[in-house]
Amino acid sequence: MADGDGAFTYAEGRVEPGETRNLRYAISETYLGDPVRLPVTIRNGAEPGPTVFLSAAIHGDELNGIEVVRTVAQDWPDANLHGTLVCLPVLNVPGFIAQQRYLPVYDRDLNRSFPGSETGTSADRMAVRLYEEFIEPCDYGLDFHTSTRGRTNMLHVRADMDDPDIARLARAFGSNVIIDGAGPTGSLRGAACDGGTPTITVEMGQAHRFERGFIDRALDGVASVLAEYDCHPAEPVRWPGWRTVVSRDQKTWLRADAGGLVEMLHDRGELVREGDVVCTITNPFKTETVRVTAPFDGLLVGVLENPVVYPGNPLCHLVELDEPTIRAYERAREGTLPERP
Ligand SMILES: [Zn+2]
């Protein structure tokens, strides 16, 4: 927690103002009785300010965020940091080691186990320890994800925009797309927001990869958030050029109505018009083709990467854009968008 004297304290010690500490925090035990240790970097700035957590790989195969959190923790200059950064590059250590989404123990989703419990399942016990030590003491939080294996996302933020403190954080990150909604029950974001730590999820790219373009844009987003809260008072808050806040009824998953092999005709982040063919599904002989069309004008936030589907499998995640936003999107692509609306 942030102490009155500016130190960050946790069960095993304290980090003084102006100090950065890398630690391995014992959060569980393996079948062999060895500690499962969470890598944590605490960067306590010389000047007072808010405490912000940055976390990644709560789904163990979602790697892009690890590089974002690690870069902030290790490579950013210390000078002029007001407040404390709690950097958690790999939350789901057993899943990360196995390179899979869920905890290997009974395939539990660590991101449905918060705020956790001292007497619950192994997932609950890990969740409560990391929640109480490193999430609850924070004033704000950013949790980094990628798409589920086999799909890919454009960079976007998910946030409960009904809460003004969370909305401020979401806007400060400076993404084009914010998908509005509370975090699911048991998620880190949901529990943190319920517990008084406004938190957003950042989604970008695919599992099992470092994607440099996304990582750099996310680092710009972190810098912008830190500027918003005067952790880096000299830095500017980022304006993404255009922005849309997507409500529950402005988005849909297009799902396959036939099993088969998919040819995706558009990339993540592309605009499609109502009636455009988004992808085709064919049988092995190419004798039957199903054309999947866009039901409205919108942006492809997420698309399939692995080109095989059963009926009912998701093909792409489409969000509705209104005409002014479409015009701004097109002008941004042409490079003719003014600096600020
Ligand atoms: Zn995830």
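At what angle do the axes of helix H4 and helix H6 cross, and within what distance do they come? In this predicted model, local features require a pLDDT of at least 70 and side-chain atom pairs count only at pLDDT 80 or more, whereas totals for chains, interfaces and linings use all residues. Residues are numbered from 1 along each chain as its sequence is written, and side-chain values use heavy atoms, with hydrogens and water left out.

The axes of H4 (residues 164-173) and H6 (residues 212-228) cross at roughly 135° and come within 7 Å, where helices are DSSP runs (H or I) of at least four residues, numbered from the N terminus, and axes are lines fitted to C-alpha atoms over the stretch in contact, with angles running from 0 to 180 degrees between N-to-C directions. H4 and H6 are therefore oblique to each other, this class being what remains once angles under 35 degrees (roughly parallel), over 145 (roughly antiparallel) and 65 to 115 (roughly perpendicular) are set aside. On the H4 side the contact (heavy atoms within 4.5 Å) is made by Arg168, Leu169, Ala172 and Phe173, and on the H6 side by Ala218, Gly221, Val222, Ser224, Val225 and Glu228.

Helix H6 also packs with H1, at an angle of about 45° and with the axes 9 Å apart, which makes H1 oblique to H6. Here Asn64, Glu67, Val68, Thr71 and Val72 of H1 meet Arg212, Phe214, Ile215, Ala218, Leu219 and Val222 of H6.

Valine 69 lies in H1, which spans residues 64-74, and counts as buried because its relative accessibility is 0%, buried being under 20% relative accessible area with a 1.4 Å probe and protein chains only. Apart from neighbours within four places in sequence, valine 69 is in contact with Leu54, Ser55, Ala56, Cys87, Leu88, Pro89 and Phe144. The C-alpha atom of valine 69 is separated by 32 Å from that of leucine 254, which is 185 residues away along the chain.

The zinc ion has as protein donors (N, O and S atoms within 2.8 Å of the metal) His59 through ND1, Glu62 through two OE entries and His145 through ND1, at 2.0 to 2.5 Å. Along the chain these donors follow the spacing H-x2-E-x82-H, and both histidine 59 and glutamate 62 are buried.

Note on methods: Donors are N, O and S atoms within 2.8 Å of the metal (3.2 Å for Na, K and Ca); water is not among the atoms, so sites may look incomplete. Buried means under 20% relative accessible area, exposed over 50%, partly exposed in between (1.4 Å probe, protein chains only). Helices (H or I, at least four residues) and strands (E, at least two) are DSSP runs, numbered from the N terminus.
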